[in-house]
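These are my notebook entries on a structure I went through entry by entry.

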Amino acid sequence: MGRRQTNGQDPASPHQAAPLAVAEMLTADIFFELAPDAVVVCDEQGRMERVNRQTETLFGYARAELSDQPIEMLIPSRFHARHTVHRQHYVAQPRARPMGAGLELYGLRKDGSEFPVEISLSPVTTLDHPRVIASIRDVSEQRALERRTRDSLSTLLAMARALIRLPRDAGQSDVSHVQPAGLAQRLAELVSTLLDCRYVGILRLDRAKQPDEAETDGSAHLYSLAVVGLSHVQEQQWRTALDGMMFESYVPDPAQRARLWRGEPVTLDLAQPHLNELPRLAEEFTRLLVPMRVGSGQLIGLVVVSYTDSARLASQADTELALATAQLLALVIEWDRLLAERQTHRETEAHLSILQAVLDELPTGIYLVRGYDARLVLANRAAADVWGAGWPVGQPMMDFLDRAAVQIYGPDGHLLTHESLATVLAVSAGDTIRQHQEVIRRPDGTTLPILLSAVPLDSKIFGASEASGTEIGQMEPAALVVLQDVSALKEAERLKDEFVALAAHELRNPMAPLKGYADMLLRKAGAESREQRAELRETEYEAVAAISEATTRLVELTDDLLDVTRLQAGQMHLVREPHDLLALVRRVTRRLQVTAPHHDMRVRCDEAHVMAAIDQQRMEQVISNLLHNAVKYSPDGGDIEIILVMDRDRQQVEMRVQDHGIGIPVAEQSRIFGRFARADNVRVRGITGTGLGLFLCREFVKLHNGAIWLESLEGHGTTFHVTLPLIPES
Ligand code: ADP
């Protein structure tokens, strides 16, 4: 801070150190008495020879009390020793200088109170002996202001530091509620109480980018954040004049603007003619502009301190305070922006994760790409299942396919080029693609037929891409793609084809004898002779028997097919009632034994009755199917045993149907209950069938809450096990 220098009019100025003429002495005397500071003339020993009126006022002594007293009388005793040394040293090398440079000096009043002083010393050489003139100024007020400024500065800086060290999660922070506008108002109030100024204003700049050398910064606009020190009407005027004003108009000098962009304060002397155009209050003459810059050096606003003095240079303390205010505000504004950004980011993430969760539950594969290189935005689990690999978000489609070794083929089996992929067509050409067939070859070598639909999206939905650094305003294409795994459909189609072939074949088989015998009957009916007529009756019998058998097979086949259809449509409804399963088994066995003379069927059970809640018709179908198979697949005949075992603990009955026939190859046992499933060994032997019987058995048993499984050894025979729940014995 500035030390006071003696001025030219001081009677003890070094420039006037020569002996004084009488007139000059007189003039000097008047100035001596009128000086605003206390002035004390001392001899070499530090005794006070003369003091002025201000000395009396300041220290509370009468002149007589001070006369011839050591100057130390005016200084607190703790400084005496040091002061005496200083004084002697000064007398040896006298020159005009402030005393105690770098020290806080104090004066001592008569009443014992102390006050801060600044002392300037000047040597005076008169005829007889040298003297020293000390001029003493009370700096209590100045010190108090300095202390307040320092305190405020350190408070501001402490706040700033606290803000810098905010916890990462701002949601839990105490200062998260600090709003830039509110804080700006509070800081402006603080600055205006501390500084002797007309008003303090805080302005924001809407452009945070430092212009290039060549570029004009005129496009930045100002708007007011806070102002303190104006009347309500003036404040309105100030805001109206400033809001939306160009930075270039507010600070017309490009050099000054450049300094502000660089972070340096600027003082505008509004009395300068070229600044005449600037809006200003009548009593406003000087304006201190302090830049508000964020960490990256971007200028985001100004702190304006306005003074009523003309051509005033803002003091160091004023500038420092304004700078600290600007720094703190910039920090808060930046922090606020980060908070808002983080909040938006969090909300977006939350939305995305909900969307992702919903999408993941969908059975259809869905993914979203953007950009001509089709970078992934999001994909659901079903899509990842289709590819058999995870496609990282942000990766272009081509990179993903290459790295994950996923290949995409057209329906004709040709590997598709990048450009012909439906996804790429949707983003690059904006085509809507519906039900496009592709075959995906996954990293593990398996292939999957898919149907793909791709819809180009309005790129405005996404706004500009940050990921690719695209300039704001430039939109990227995007597409939503839906994948459907159609392997189940294809399988169904294959089964349907197979079924049609099989049905045709199976229907033709019984038709051949039907037609043959019918033709023969017709032919014989036309014959004339008696022998021929007799022969006809015998042949008639055989033919009708064959026709009847073929018709039965046709009816059975048709019934089976109808049952399959009903089961698949979920329209098979059982009528379950208590029935004696044992009686049912015996009845079916008796019926089938008649048609199987080479087999010996035996039913074994330790019980008299086995009561179960069953749909009699469907259970009869199960039993006769199993028995029929036992006969059919043991072409060499042999025993067939049907065993019923009660398991009262588990409240169920187990039925076993055991034959000693050709058996089922191990490799085919697991799929033998499937629709149309038939083992190889029966095809080889030319034993006909549809592969529907066991499928129906399993479905019917399941509808009864039972279970069915088999044990079989090829060439040795097969045992089917069926369990059914019993009716609890009450
Ligand atoms: P179908 O007998 O009309 O072919 P099923 O569904 O009744 O159809 O049987 C499916 C297949 O299971 C048969 O084709 C046969 O390969 C095998 N199979 C069923 N029962 C036996 C059995 N008792 N012994 C050997 N193989 C059997």
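The model is predicted, with local features requiring pLDDT of at least 70 and side-chain atom pairs pLDDT 80 or more, while totals for chains, interfaces and linings use all residues. Residues are numbered from 1 along each chain as its sequence is written, and side-chain values use heavy atoms, with hydrogens and water left out.

**Entry: the chain as a whole**

I took helices (H or I, at least four residues) and strands (E, at least two) as DSSP runs numbered from the N terminus, and I found 20 helices and 24 strands in the chain. Of its 730 residues, 43% are buried.

**Entry: Asp 615**

I located Asp 615 in the loop between β20 (611-614) and α17 (616-632). Asp 615 counts as buried because its relative accessibility is 7%. Once neighbours within four places in sequence are set aside, Asp 615 is in contact with His 573, Leu 574, Val 575, Arg 576 and His 704. I also checked His 579, which is 36 residues from Asp 615 in sequence and 8.5 Å from it in space, C-alpha to C-alpha.

**Entry: the ligand**

Which residues come nearest to the ligand? Of the 19 residues around the ligand, these are Asn 629, Tyr 633, Arg 678, Thr 690 and Leu 694, where a residue counts as near if one of its heavy atoms lies within 4 Å. By element, α17, α20 (693-703) and β24 (717-725) each supply at least two residues of the shell.

I then listed polar contacts, that is, pairs of N or O atoms within 3.5 Å, where within protein one must be able to donate a hydrogen and the other to accept it, and residues adjacent in sequence count only if both atoms are side-chain atoms. A backbone N or O atom of Thr 690 is 2.7 Å from a ligand oxygen atom, a polar backbone atom of Ala 679 is 2.9 Å from an oxygen atom of the ligand, and for Gly 691 a backbone N or O atom lies 3.1 Å from a ligand oxygen. Taken alone the ligand exposes 520 Å², and the protein buries 98% of that.

**Entry: Glu 668**

I placed Glu 668 in helix α18 (residues 666-669), and Glu 668 counts as buried because its relative accessibility is 10%. Its side chain has a polar contact of 3.1 Å with the side chain of Arg 671. Not counting residues up to four places away in sequence, Glu 668 touches Arg 678, Ala 679 and Asp 680; among these, Arg 678 is also listed with the residues nearest the ligand.

**Entry: aromatic rings**

Rings of Phe, Tyr and Trp (its six-membered ring) pair if their centres lie within 6.5 Å, with planes under 30 degrees apart counted as stacked, over 60 as edge-to-face and the rest as tilted. I counted 10 aromatic pairs by this rule. One of them is the tilted pair of Tyr 367 and Trp 391, 5.6 Å centre to centre with 55 degrees between the planes. This pair links distant parts of the chain, since Tyr 367 is in strand β12 (residues 365-370) and Trp 391, 24 residues apart, is in the loop between α11 (381-387) and α12 (397-404). Tyr 367 is buried at 1% relative accessibility, and Trp 391 is buried at 7%. Ring pairs join Tyr 367, Trp 387, Trp 391 and Phe 400 into a cluster.

**Entry: positive phi**

Most residues other than glycine have a negative phi. I noted a positive phi near 60 degrees for Asn 705, which lies in the loop between α20 and β23 (707-713) and is exposed, with a relative accessible area of 60%. Ala 405 has a positive phi near 55 degrees; I found Ala 405 in the loop between α12 and β14 (407-409), partly exposed at 46%.

Technical notes. Buried means under 20% relative accessible area, exposed over 50%, partly exposed in between (1.4 Å probe, protein chains only). Contact means heavy atoms within 4.5 Å. Accessible areas come from the Shrake-Rupley method with a 1.4 Å probe; for residues, only the protein chains shown count as cover.
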